[in-house]
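Me: I would like to learn how to read a structure one feature at a time. Please take me through some examples.

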Amino acid sequence: MKTLYKIFILTIPLMIAAQACQEPEPEVFSDLYNDRVIETDDPTELAILAAGAYSNLAGTWGAHNSLWSMHEISSDEMAITQKGADWEDGGQWIRMHRHEWTPTEESINNGWNYVLGNIANVNNLLKSFGENEILNAELSTLRAMMYYWLIDVYGSVPIIEEDDETTGANVSRQEVFNFIESEVTAALPFLRQEATYATINYYVAQSLLAKLYLNAEVYTGTARWEDAAAAAQEVIDGGAYSLEPDFFANFVEQNQGSSENIFVINYDKDNAQGFNLPQMTLHYLSQETYRLQEQPWNGYSSLEEFYNSFDEDDDRRGSFLVGPQFSASGERLLDISAEANDPDGPPLTFTPEINMLAPNALRQAGARVGKWEFALGSPSSLSNDYPLFRYSDILLTRAEALWRINSGNSEAIDLVNMVRNRAGLDDVTSLNADFLLAERGREMFAEGTRRQDLIRFGEFGGTWWEKPASPEFRQLFPIPQAALDANTLLEQNQGY
Amino acid sequence: MKKFLLLIFATLVSTGMLWAQQTVTGRVTDASDDSGLPGVNILEKGTTNGTVTDFDGNYTLSVSEGSTLVFSYVGYLTQEIPLGGRSTVDVQMAADVTQLSEVVVVGYGTQDKKEITSAVASVGTEEFNNGNITSPEQLLQGKVAGLSINSPGGDPNSGSTIRLRGLSTFGANAQPLIVIDGVIGASLDNVDPNDIETIDVLKDGSAAAIYGSRGSAGVILVTTKSGAGGSSEPTTSVDFNAFTTVDMVANTIPVLSANEFVAQGGENFGSNTDWVDELTRDAVSYTANLAIGGSNGIGTNYRASVNYRNNEGVAVNTGFERINTRLQLNQAALDNRLRLSVNFSFNELEQDNINNEAFRYAVIYNPTAPIYDDIEAPADGGYFQRNLFDFYNPVALANQQDFHTERRNELLNGRIEYDILDNLTLAVNYGRDMQRGWNGSYWSKFDLQFGAGGDGIARREDYDDLNQILTGTLNFNTELFDNLDMTILLGAETQKRESEGFGVQVRQFLFDDVGWDNLGFSSIRQGVNTDVYSYHSENVLNSAFVRANFNYDNTFFLSASVRGESYSGFGENEKTGYFPAVSAGVELTNLADLGVVSTLKVRASYGVTGQLPPDPYLALPLRGTGQRIDLDGDPLTTDDIYVGSQLNRNSNPTLKWETKSEIDIGVDYGFLDDLITGTIDFYRRDITDLLFPLTVPQGPNPFDPGGAQSIATTTWANIGDLTAGGFEFSMSVNGVNLGPVSWTPTVNFTLYDKTTIENFDVPGAPSLGFDELRIVGSAPGSPGQNNNPIIRNVVGETLGDMYGPVFQGIDENGNYVLSSTDPNEWGIIGNGLPEGEFGFSNTFVWKNWDLNFFLRGAFGHDLYNSYRGFYEPRDAASKTWNSVNTDKADARITGTPTFSSLYVEDATFVRLDNAQIGYILPLTSNVLKSFRVYVAAQNLFTITDYSGIDPEVRYRDSDNDDNTQASLSPGLERRGTYFTTRSFTFGVQIGLK
C-alpha cells in the first residue's frame with residue numbers, strides 16, 4: 001500500500017514532465033496568418049482586397065519626407081528653409097535643394113519602400129486575380145504606374161512580378177520602359193472606357209502611356225512624341241473628362257466631383273490619412289486661420305522666382321498663400337517671436353522673398369502652398385483628393401508632343417490656350433521651350449511633375465535660387481543604401 | 001483594534017508587576033578584545049523581565065532565584081546562563097560566525113553559502129537602503145557589486161532601470177529576471193519593500209543557467225518574510241512601522257532672471273514668474289505598515305501584513321497611493337514530512353502623472369509671462385498662452401492634461417513538499433501572477449498643446465496579464481562515500497503567459513469634466529486623434545532541468561546543471577535550446593593553515609544562458625490591421641468601408657534565443673576569524689545571436705527572396721556578437737570597536753570592461769550584416785536637431801558611443817567652431833556607460849543609538865546635457881525661450897544650437913544616497929518588544945561636475961519608445977527629466993510580542 005502511494009506521488013512530477021517536454025505551438029489571436037489573406041478565394045473578401053490596392057497608395061504623395069518631398073524640393077518650385085535650429089534636420093533639405101543628396105537620405109529610402117511595398121501588395125493580389133481578366137488588367141496597370149514612378153526617380157530598378165522568383169537585380173531603364181509599355185498595352189482591351197473614380201480605367205492607362213512616351217527620350221534616349229500625342233488624344237477623344245471652369249474646383253476638400261481629375265489618391269481625413277499638407281507648409285500661427293487640430297510645422301514654401309513666374313491676372317496665383325494672415329475670426333495674427341530683422345515685424349505676413357536658404361531664414365518668409373483648400377477644423381491629414389493625372393496635364397502633354405514634332409503646330413497652341421483661358425489669361429500665338437516649361441509650372445505647381453519637366457527641358461542641372469549647377473547624374477536619385485545593403489545584386493546608379 | 005488596546009493596557013499593567021527576589025549585576029564584554037558591549041539584551045528566561053547593558057557593558061537586573069539569563073546581541077551568539085546562586089554574572093559574547101555562512105537562495109532551492117561556487121550575492125534586511133523606499137529594487141541600489149539600479153530624476157512613479165554587469169543585450173529584455181518566492185517572471189510590483197526578508201542576486205552565467213532562456217540579464221530572487229517557524233511553543237509577533245517623508249526639489253536647471261531675460265532681448269510680458277517654483281511643491285508622503293506573524297507550535301505558522309503608502313511628487317498633480325496586503329501560511333503534517341505553504345498578495349495602486357514636458361517648459365518658459373492672463377475667458381482656466389511654436393505654459397500643461405493609472409496585482413503561490421524518503425523530496429509548486437489595470441488620459445478642450453485641436457481628447461486603456469507556472473521537482477541527496485555528499489535536483493516546468501487588453505481614444509467634448517470616465521460624452525470616435533484597438537496574446541515555455549551538487553569534506557565543491565527549453569515564440573526550425581553550466585570551488589583553509597586567513601574559497605564557473613524574443617510572434621508572418629478600404633471612394637457611404645490587413649514583419653523560421661556564455665573566476669575570503677569578509681570576481685561574457693529588428697527594405701531580400709510578398713520592412717533576427725567583462729570587489733568589516741562605538745563598514749565596487757561590439761553579422765544572410773548602427777531616435781530632437789543621431793554603435797567599438805563634432809571655440813560672430821560639420825568625419829566624443837560604480841555603507845552603533853549612511857557613485861560615464869544643447873546659445877530663439885545659464889554657459893555663443901562635444905559632460909558623481917539616525921527606546925515589557933524612532937534623509941548631497949538635472953547613469957533613452965533603440969542609446973539626459981528631490985523621513989518602528 002505504501003509503495004503504491006509513493007508511486008502515485010511520483011506520477012505528479014511525471015505528469016508535469018510530460019507536459020513540460022512538449023514543444024509548444026504558437027497560438028495566434030489578434031493577427032492573421034499571411035496565407036489566410038493572400039490565399040483567400042472568398043469573392044467578397046477579394047473584391048475588397050482589390051480595392052485595397054488603391055487604399056495603400058495613401059501615405060506618400062502628399063506626405064512629408066518621401067517621394068513628394070524629393071520631387072518638390074529638388075525642383076525650383078519649393079524649398080524647406082532652415083529657420084535657426086528649426087528644420088536644420090541634419091541638413092537633408094539643404095542637400096536636397098542644392099542637389100547634393102546622398103544614398104542614405106531618409107526621404108529617398110522612404111520613397112523606395114513606399115513604391116516597392118505597393119508593388120508587393122499588388123503582386124499578392126494579382127496571384128488571386130490572375131484568372132479575372134478585367135481585374136488583372138486593372139492591377140497590372142496600377143503596377144505599371146508604380147514602375148513609371150520608379151523609372152522616373154530611380155531609373156534602373158528590379159522588376160518583380162507576381163510569380164517571380166527573381167533575386168532582384170536591376171534591369172536597364174530601357175527594359176523597365178518596355179515592361180511598363182507592354183503591361184499597359186496588354187491591359188488596354190480589358191479596361192473600362194468610362195470615367196471611374198480613383199480607380200484604373202482605360203483613360204488612366206492612356207494618360208500613363210502619354211506621360212511615359214512624353215519622357216521616353218529621357219528614359220531611353222529615343223523620343224516617342226507621336227505616341228505621346230496619340231495616347232493623350234485617346235483621353236481627349238473619350239470625352240469622359242473635361243476642364244473644370246474653376247481651376248480650384250479640382251483642389252477643394254470635396255473634390256471627388258471634379259470632371260478634370262483622371263486619377264487621384266482618394267484621401268480622407270478618417271479613412272485614408274496621409275495628405276498632411278497643412279502641417280508641411282503653414283506657419284505655426286496658421287493654426288488659428290484654419291482652426292487646425294494640430295500646430296503646423298512651418299516647412300515648405302515656394303521660391304520667389306517661381307512665384308513671380310505667375311502673371312498678376314493668373315487665377316492660378318491663388319495656388320500660393322501670400323500677404324497678411326488672419327485668424328478665422330478675422331484678427332490679424334501676431335508672431336511675437338518674429339526675428340528682429342524681419343521687415344514685417346510680428347504681424348504674420350507671408351512674403352514671396354526669402355532672405356536665405358540657411359541657416360537663418362525668416363520664419364514668415366516664403367509663399368506657402370495654398371492650392372488645396374484647407375477646410376476649417378482640419379486635422380493634420382486632409383480629405384482633399386490628390387490628382388496623379390489631371391485633364392489639363394493631358395492637354396499640355398499633347399500640346400508639348402505636337403510642338404516637339406512641329407514647333408508651329410496650331411493645335412498645340414490651341415490646347416495651351418484652352419488651359420490658359422481657364423486661368424483667366426489671354427491667348428498666346430506661338431510656343432517656345434521656356435514658355436511651355438513655365439506654363440506647365442504654373443498649371444502643375446505642387447503636383448509633383450516639376451522635376452520631371454525640368455529634366456525633359458534640360459533645365460534640371462541649371463542654377464536657381466541658392467542652387468548651383470548640378471551634374472547630369474543628379475537627374476536620377478540613388479538607389480537607397482539600405483536597399484543595396486539588403487540585396488547585393490542591386491547596382492547603384494552612376495555617379496553615386 | 002480592540003485587541004490592540006487590550007495589549008497596550010496589559011503592557012501598562014505588567015510593567016508595574018515585578019517579582020524581584022534577587023539582584024544580578026555584571027558586565028558583558030566582546031570576546032575578541034574584552035571591550036564592554038553596550039546595548040546587549042538581557043532577559044530572564046521564560047519571562048518578559050529584562051534589561052540592556054549600559055555604555056560600558058554593565059547591567060543590573062532583578063530576577064527570580066534559580067532563573068536563567070539570556071544574553072542576546074545582533075551579530076553575536078546568544079548565550080543562556082543559569083544563575084546557579086551567583087549574584088554577579090560576567091559574560092563574554094562571541095561573534096556569530098555561523099550567521100556569516102548563512103543560507104543563500106539559489107534557483108529552485110537554497111544552498112549553504114560555503115558550498116556556493118558561482119557569483120551570488122545576498123542582501124538582507126539590515127543592509128537595505130533607508131528612507132522612503134517605495135519599491136523593492138531601491139532597497140538594493142548600490143549594495144551589490146555589478147548591479148546597477150537607476151531611477152534618474154525624482155518621479156515617484158517612474159520605475160527603475162536594472163542592469164546586472166552592464167548592458168549585455170538590446171533587442172531582448174535587458175532587465176534581470178525577477179523570481180518572487182519561486183514565481184518566475186513575477187512583477188516586482190507585487191511586493192512591498194517592508195515585506196522583503198532577503199534579496200539574492202545570481203550574477204554569473206552558471207548561477208543563472210538554471211533559469212535557461214531568461215537568465216542572460218541575471219536573476220534577482222526575492223524572498224518575503226515569513227512567520228516564525230520551528231518553535232515548539234505558540235508565538236505571536238506584531239510589527240508596526242510608520243513614517244512621514246517630506247520631499248523638496250534638490251536640483252533644477254539655472255536660467256536667466258526676468259530682468260536678465262529682457263536685457264538680452266527677450267519678449268517682455270511684464271510679469272515675473274519663477275516657473276519651476278510654480279510647477280513644484282514640498283511634497284509630503286505617508287507610509288504605514290503592520291505585520292502580524294506567529295506559530296501555533298504544532299506545525300502552523302503564518303505572517304500577514306498590510307502596507308499603505310501615499311506618496312506625493314514634488315511636481316503638482318503627481319503621486320501615488322498604494323496598498324499592499326500579503327498573507328503567508330505554512331502548514332506541516334505527517335510528522336513534518338508533508339509541508340504545505342501558500343503565499344498570497346494583493347496590491348492596489350493609483351497613480352497620477354503629468355506630461356513630463358511640463359518640466360522642460362518650466363525651465364525655459366518666458367519668465368516675464370504671468371501664469372494667468374485675465375483677458376482670456378475664465379472657462380479655459382484663464383492661463384496665459386501664446387500660440388507660438390513649442391511654447392506652452394507649464395502650469396496649464398500640468399493642469400489641463402491629466403494622466404491616471406490604476407493597477408491591481410495578485411500573486412498566488414502554492415507549494416507542496418513531501419519527503420518520500422528521508423533524502424528524497426518531491427515538491428510541486430503552482431504560481432500565478434495576475435496584473436490588471438487601466439490608464440486614463442484626458443487633454444482638456446483648452447489644452448493648447450494637444451487637447452484644443454481635438455476639442456477635448458480622452459483615452460482609456462485596459463490591460464489584463466496573467467502568468468501561470470507549474471513546477472515539479474525531485475530533490476535527492478546522499479553520501480556517495482565517505483565525506484562525498486551529492487545532491488541531485490530534477491525538475492520539469494511549464495509556464496504560460498497571457499496578455500489581453502483594449503483601448504479607446506475619442507474626442508470633441510462639450511463638457512470638460514468627465515473625460516475617460518464616460519467616453520460617451522465624446523462626439524467624434526473615428527478618424528484623426530481617435531483610436532480603437534484590442535489585443536490578445538499567449539505564449540508557452542516548457543522546460544526540464546537537472547542539477548547535481550557535490551561536496552567533498554566541505555573543501556571541494558562541484559556543481560553542474562543543464563536546462564532544456566521549448567518556447568512557442570521560437571521559429572519552427574529552432575524549437576528547443578539547452579543551457580548548461582558547471583562550476584567548482586575549493587576552500588583552501590581546509591587544506592592548510594593560512595594564518596590570519598580564515599576563509600579562502602577559490603571558485604570558477606562557466607554557464608550558458610539565453611534571452612527570449614521580446615514578443616512571442618516575431619518569427620511568424622502575421623498580418624495586423626491595414627488601411628481602411630472604401631470601395632466607392634465616397635466617405636459618406638459607409639456600408640462599403642472595410643479595414644484591410646498588412647504584414648507586420650517578414651517571417652523568420654530560424655528565430656531563436658539570444659545566447660550568453662560567461663566565465664567567472666572568484667574568491668570568497670575572510671580574515672581574522674572572518675571579522676573581515678568579502679568577495680572578488682572577474683567575469684568575461686560573450687553574447688551571440690542577439691535579437692534584433694533588422695530593417696529590411698522592400699523588394700527582394702534574404703528573408704523574402706522572391707520579393708513578391710514582403711510589405712514589411714522589419715525582420716527579427718539573431719545577429720552579431722558582443723563581449724563584456726568586469727571586476728567586482730566587496731568587503732565588509734563585521735563590527736570594528738572604536739571605543740564604545742561599533743562600526744561596520746561595507747564597501748563594494750565594480751570596474752567594467754564595457755561591452756564591445758564584435759560584429760553585426762547576420763548568419764544566413766551575410767549581405768544584411770553591417771558595421772555601424774546609427775540610432776535614429778538618439779538625435780537631440782525638435783526643434784531642428786531631429787536628424788543628427790548622437791549614438792552610433794560601431795563594430796570594434798564600445799556599445800553606445802556618442803559621435804559628434806569636437807567643439808573648438810567660438811568665432812567673432814558668436815558661431816561655433818567645430819571640428820567638422822560632416823557627420824562622416826565625426827569621432828567618438830563620449831560614452832554613457834560607466835567605467836565603474838561603487839557603494840560604501842557605514843553603520844555605527846553606540847548604546848541604543850544607531851547611525852548609518854551610504855555613499856554611492858559612478859564614474860567614467862558621460863551625459864548629453866540636452867538643456868544646454870538646446871537653450872544655452874543666445875540665438876534668435878532665446879528671445880522666445882529663456883536661456884539655460886549653468887556655470888558652463890558661454891553667453892557669447894549666438895549661433896544656431898548644434899550638437900557637439902560642448903554638451904557632452906563627464907557625469908562622474910558621488911552621492912550621499914541615504915543616512916539615518918535611530919534610537920531604540922530602552923523599554924521592555926511583556927508586550928513591547930522594541931520601540932525605535934529614526935530620522936532619515938535621502939540624496940543629502942551630490943558631488944559632480946555635471947551641470948544637468950541628475951548625473952545618474954542613463955542606461956536607456958527615456959524619449960525613445962522603441963525598446964531596442966532605447967537600450968542602445970545610453971547617456972542622454974532628456975529635457976523631460978523629472979527634477980531630483982531631497983527627502984527627509986521621520987519614522988517609528990514598534991515591535992510587539
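This is a predicted model: local features need pLDDT of at least 70, side-chain atom pairs count only at pLDDT 80 or more; totals for chains, interfaces and linings use all residues.

Me: How many residues does helix α16 of chain A have, and how far does it reach?

Reply: To judge a helix, set its reach beside the span expected at 1.5 Å a residue. Helix α16 of chain A covers residues 410-422, which is 13 residues. From its first C-alpha to its last, α16(A) reaches 18 Å, close to the expected 18 Å.

Me: Which residues of α16(A) are buried?

Reply: A residue is called buried if 20 or more other C-beta atoms lie within 10 Å of its own, and exposed if 12 or fewer do. In α16(A), the buried residues are Ala412(A), Leu415(A), Val416(A) and Val419(A). Seen down the helix axis they fall within an arc of 95°, so they line one face of α16(A).

Me: Which exposed residues are on the face of α16(A) turned away from the buried side, and what covers the buried residues?

Reply: The face turned away carries the exposed residues Ser410(A) and Asn421(A). The cover over the buried residues of α16(A) includes α15 (391-405) and α17 (433-444) of chain A.

Me: Is Asn298(A) buried or exposed?

Reply: Apply the neighbour count again. Asn298(A) has 26 C-beta neighbours inside 10 Å, so it counts as buried. Asp335(B) is in the loop between β20 (319-333) and β21 (338-353) of chain B. With 8 C-beta neighbours inside 10 Å, Asp335(B) counts as exposed.

Me: Where are cis peptide bonds found?

Reply: Look at omega, which is about 0° in the bond between Ala358(A) and Pro359(A). Pro359(A) is in the loop between β7 (349-350) and β8 (368-369) of chain A. In chain B, a cis peptide bond joins Ser782(B) and Pro783(B), again with omega about 0°. The loop that holds Pro783(B) lies between β38 (772-774) and β39 (791-794) of chain B.

Me: How many helices and strands are there in chain B?

Reply: Chain B has 10 helices and 52 strands. Its radius of gyration is 31 Å, close to the 30 Å that the globule rule gives for 993 residues, so chain B is as compact as a globular protein of that length. Along the principal axes, its C-alpha atoms fill a box of roughly 100 × 65 × 60 Å. Of the 993 residues, 49% count as buried. Among contacts between residues at least 6 apart in sequence, 71% join residues at least 24 apart.

Me: Which strands pair with β37 of chain B?

Reply: In a regular strand the side chains alternate between the two faces of the sheet. To read the pairing itself, look at the bridges. Strand β37 (741-759) pairs with β35 (714-733) of chain B in the antiparallel sense over 11 bridges.

Strand β36 (736-738) of chain B is antiparallel to β37(B), with three bridges. Here Val736(B) stands opposite Trp743(B). These two strands form a hairpin with two residues between them, and Gly739(B) in the turn has a positive phi of about 60°.

Me: Which strand of chain B is joined to β1(A)?

Reply: Strand β31 (622-630) of chain B is joined to β1(A) by two bridges, and the strands run antiparallel. Leu32(A) has Arg623(B) as its bridge partner.

Note on methods. Residues are numbered from 1 along each chain as its sequence is written. Chains are lettered from A and ligands numbered from 1 in the order in which they are written. Helices (H or I, at least four residues) and strands (E, at least two) are DSSP runs, numbered from the N terminus. The expected span of a helix is 1.5 Å times one less than its number of residues. The arc is that of the directions from the helix axis to the C-beta atoms. Two residues are in contact if their C-beta atoms, placed from the backbone, lie within 7 Å. The radius of gyration is taken over C-alpha atoms; the globule rule is 2.2 Å times the number of residues to the power 0.38. Two strands pair if DSSP finds at least two bridges between them.
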